[in-house]
Amino acid sequence: MSTRRILSLWFPRLAAERLLRLGRGPIDAPFAVVADAAGRQILSALSPAASAAGLATGQPLRDAQAMCPDLVTRPADPPAEAAFLAGLRRWAGRFSPWVAEVPPDALVIDLTGCAHLFGGEAAVMALIEQDCADLGLSPQAALADTVGAAWALARFGGQAGARSGVRSGVRSGDDIDQEARATRSRAARRRQWGRDRAGDRTHAGQAPAPTPVPGLIVAPGQTFGAIGALPVAALRLPPDTVAQLARLGLRRIDDLVGQPRAGLTRRFGRDLVLRLDQALGMVPEPVSPARPPARFAVRLSLPEPIGLITDLQAGIDRLLPPLAARLRDKGQGARRLQLQVLRCDHSRQTVEVGLARASADPERLRPLLAMKLDQIDAGPGIDALRLEATLTEPVHATQPRGHAEATAEAMGLAARRRAGPLLDDLIGRLGARVGLDAITRIHPGDSHIPEKTTLIRAVAWSEPASDWPPVPPRPRPLVLFRPEPVQVPQGTGTRPPARFRWRRRDLALARAIGPERIAPEWWLDEPEWRSGTRDYWDIVADTGDRLWIYYAHGGALSAGWFCQGIFA
């Protein structure tokens, strides 16, 4: 017999309760979270008031608003909901180290050998209910021998007939589960038809509407008696499989137990038999907890408060070697370092530095931190230092020096290779002063449009470009700006005018080279290019100004002359 004890926590209102927790005050009106599914908006989570108003998850938003005009809705935010569930996973770690997420709204906890630390299983359930109530959450919990049984009872355990078997665990002579299988199957069909006529049908593959029920605790070894009366949807089967089973009269789990396994496998696949065996404990189903994120941090507690920069430098010298050792053991390098100073008055200050390339070398990290020490205010004194690599990247080991490196050094190439780390150190030091995002480089753009031929990238987060396209047939100006209108005499054609006015200056044409025709990207509707095809001219004015002007032939906007760049 299995000795494992699995707790399933289902949060059917997770998305709605997350938003209600963020609100400044309670929302008395019905509240729902709206998600997009197959091009339409449906309700994904409801507040208790919305459920009391007759709304249901999966219901189209228009139908819900027709039923409940006072409905308050908010859009779903799956990343925020996933982060909230991860926070609940960390909270559940107080009960057991084996906690796994079941996206999008559930947790599975392996309580084996842990319940006695809290006074027993009932005490654990009561403590979880109290903590969730303090957090504004309303979970449905079930404790059983297997993951499948706990999952099923958490979602379907509130149905009539299921809870009675869980609570008592003793069958009477009038219990339908003790009748013949054919009689039990006919009775199950009659109950299902009665529910359908009453409008209480449970959709295939979906859990019933959440109702606030106490946590269910199944005694060890009583798994089949607890889940036998549950619908087959409690086995985590696809909706299509549940519908096919219902057409065959197999609506409850105990209806499946006596069926030939070979026939079930041929008709419904292996998943049906696997889920049934997992729920009954015949096939193991481990709980795989999420791996905690690797943290690279070291701390130094000081016997006496310090306040001098030399003392801070000495403390950093003590912290960097163990931090670098941890990074090297995991094959990581620091891209961003955070130094925290903890003062005697319980206040703290944080400074950050970034690197252009990940590194675990203390000699490359120390100068960057030293540049930030002037910003630290010691106040009444610093009694602790904490250094953490908040952003890391894999660092690959360098190949030992061999014949190829020796030949390259002889040819003068090794000096250029060594310039890579030196350039990274220079970028890191400049970034410590002005910020890494302020140091940029140019990359080629995949477009023939002049203003889109280059892209600006941060040097710290990009590599030098090596695939530059061929040089354009005509020179490009040194400075590009948004097109500015050029005033020309009436009747000027498509060739540059002899006299024109630009930026409140009257200029005369001295020389013109062109035209260079550039067509817009027809697959894009860009406002700047609605004037149609352009003929660019490289002109020199009588004042010596060398300009890049063009004539727009007209499109959605009228034709005209514009200036877009200056050569020098």
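Let's start with strand β10, residues 332-343, which is joined to β11 by eight bridges, the two running antiparallel. (Strands are DSSP runs of E, at least two residues long, and helices are runs of H or I, at least four long, numbered from the N terminus; two strands pair if DSSP finds at least two bridges between them.) Within this pairing, Leu342 sits opposite Arg348 of β11.

A word on what you're looking at: this is a predicted model, where local features need pLDDT of at least 70 and side-chain atom pairs count only at pLDDT 80 or more, while totals for chains, interfaces and linings use all residues. Residues are numbered from 1 along each chain as its sequence is written, and side-chain values use heavy atoms, leaving out hydrogens and water.

Now zoom out to the sheet. It is open and has four strands, in the order β9-β12-β10-β11, with antiparallel pairing. The edges are taken by β9 (297-306) and β11 (348-359); each has a single partner strand, so one side of each has no neighbour in the sheet. From one strand to the next, the twist averages 15°.

Helix α15 (residues 362-370) lies across β10, β11 and β12, at about 140° to β11.

Key. Axes fitted to C-alpha atoms, helices over the stretch in contact; angles between N-to-C directions. Contact = heavy atoms within 4.5 Å.
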